[in-house]
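Keep the structure open beside you as you read.

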Amino acid sequence: MEKIRQDFKNSQATIPLIAVFIALVIGAIVMLIGGYDPIAAYESLVLKIFGSPYDIGETVRAIIPLILSGFAVAVASKAGIFNIGVDGQIIMGAVSSLLVGTLIDLPPVIHGIVAIIVGVIAGGLWGVLIASLKTKFGINEVISSIMLNYIALYLSHMLIKSFAAQEGTARSSLIKESASVSFPSLNDLFSGARIHWGFIIIPFVIFGFYYFFEKTRWGYETKTVGLNPDAANYSGMKVNGILIRTMFISGALGGLIGALDTLGVYGYVAIVSSTSGVGFDGVAVALLGGNSTLGTTLAGILIGALDYGSQGMQFGAGVPSEIIGIVISLIIFFVAAPGIVKALLPKKKALKKEVK
């Protein structure tokens, strides 16, 4: 029994599971203090996620960008880079795919594929810019990536106004129908939910992440650089090149998010004053998932479902959706501070041996 307890305590899945449970309990306490019914709130949350075919489809749609964002952060983390600029990469992917979708005439399907590829490349090159500033000039990636988020935002505004503006609105014109990557059959099956090609692409991304880091030389080099760049350099690895390659992959995943949302969900890019925040959510997903394939996938599903379900709490039980923000923040807090969670696990009782 003691061995089972120790195995459970040492399991990588233990801390996140307990963190989720504790966060939900604390969230319920916060609701009680605020005069809300936590049982009704959580029932409304679950009902919003699974209550109808439309809600199930929209939950899936909300989960896809969070999984991709989590992997974008995780890829960079494997190389020891903290990519907090995924939002900027998403924006570049979105505006690049928008321009292809509005300015170019191509046959259906092919148009969508080309637009996605351009968006992915744009996001990847934006990631390369962060890595280049780090490797060439020693600029910390946290600083450069945050600044590049705003540069990407305002650059997208300029490009939209110059090439794809919709008169009288604060957004771009709609993409051509041929560039759409929505799934009409699945949309109808899920009562109009905005499911797109990402539903098919995401399994390949998940498998590709696992295969890259567990089965390829490039993945091994990336992890080696992340663990000890000096040792990697001494062994003959081209550290700067590996960092640039890694950030291209990380940025490409961000670009994929922007392309899919533009071509498959909204059909346009809005001129807004701030970034979407999906990139920052990816930091939470990667942290909660421990940068692993399965963990990051499950974390993306959890946070995406909670985020979408929070609307049910607000309209079904009158609970502010910010409560879920508190719950998610608490989950991340306890995962980031595992000592607190471990302290809550049952301790082994010391047995006093009688000395005869």
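## An exposed partner and its salt bridge

Asp105 is exposed, with a relative accessible area of 62%. Here, buried means under 20% relative accessible area, exposed means over 50%, and partly exposed is in between (1.4 Å probe, protein chains only). The side chain of Asp105 meets that of Lys176 in a salt bridge, at 3.4 Å from N to O. A salt bridge here is a side-chain nitrogen of Lys or Arg within 4 Å of a carboxyl oxygen of Asp or Glu. This pair links distant parts of the chain: Lys176 is in the loop between α7 (141-163) and α8, and Asp105 is in the loop between α5 and α6 (110-137), 71 residues apart. Lys176 has 28% relative accessibility, so it counts as partly exposed.

A word on the source: this is a predicted model, in which local features need pLDDT of at least 70 and side-chain atom pairs count only at pLDDT 80 or more, while totals for chains, interfaces and linings use all residues. Residues are numbered from 1 along each chain as its sequence is written, and side-chain values use heavy atoms, with hydrogens and water left out.

Side chains of opposite charge can pair when their charged atoms come close. How many salt bridges are there by this rule? The count comes to eight. One of them joins Arg194 and Glu58, whose closest N and O atoms are 2.8 Å apart. Arg194 is partly exposed at 30% relative accessibility, whereas Glu58 is buried, with a relative accessible area of 1%.

Lys134 also forms a salt bridge, with Glu141, and the closest N and O atoms of this pair are 2.9 Å apart. Lys134 counts as partly exposed at 27% relative accessibility, and Glu141 counts as buried at 7%. Salt bridges that share partners also join Glu58, Arg61 and Arg194 into one network.

## Aromatic rings

The structure holds five aromatic pairs. Rings of Phe, Tyr and Trp (its six-membered ring) pair if their centres lie within 6.5 Å; planes under 30 degrees apart count as stacked, over 60 as edge-to-face and the rest as tilted. Why is the pair of Phe71 and Phe209 called tilted? The ring centres of Phe71 and Phe209 are 4.6 Å apart and their planes meet at 40°, so the pair is tilted. Phe71 lies in helix α4 (residues 53-78) and Phe209 in helix α9 (residues 198-215), so the pair ties together parts that are 138 residues apart in sequence. Both Phe71 and Phe209 are buried.

Phe212 and Phe213 form an edge-to-face pair, with 4.9 Å from centre to centre and 90° between the planes. Phe212 is buried at 17% relative accessible area, and Phe213 is buried at 4%. Phe71, Phe209, Phe212 and Phe213 form one aromatic cluster.

## Charges over rings

A charge sits over a ring if NZ of Lys or CZ of Arg is within 6 Å of the ring centre and within 35 degrees of the ring normal. The charged end of Lys78 sits over the ring of Phe213, 5.5 Å from its centre. Likewise, the charged end of Arg171 sits over the ring of Tyr268, 4.7 Å from its centre.

## Helix α5

Helices (H or I, at least four residues) are DSSP runs, numbered from the N terminus. Helix α5 (residues 86-103) has 18 residues and reaches 26 Å from its first C-alpha to its last. That is close to the 26 Å expected at 1.5 Å a residue, where the expected span is 1.5 Å times one less than the number of residues. Is α5 mostly covered or mostly open? Helix α5 is mostly covered, with 17 of its 18 residues buried.

Technical notes. Helices (H or I, at least four residues) and strands (E, at least two) are DSSP runs, numbered from the N terminus.
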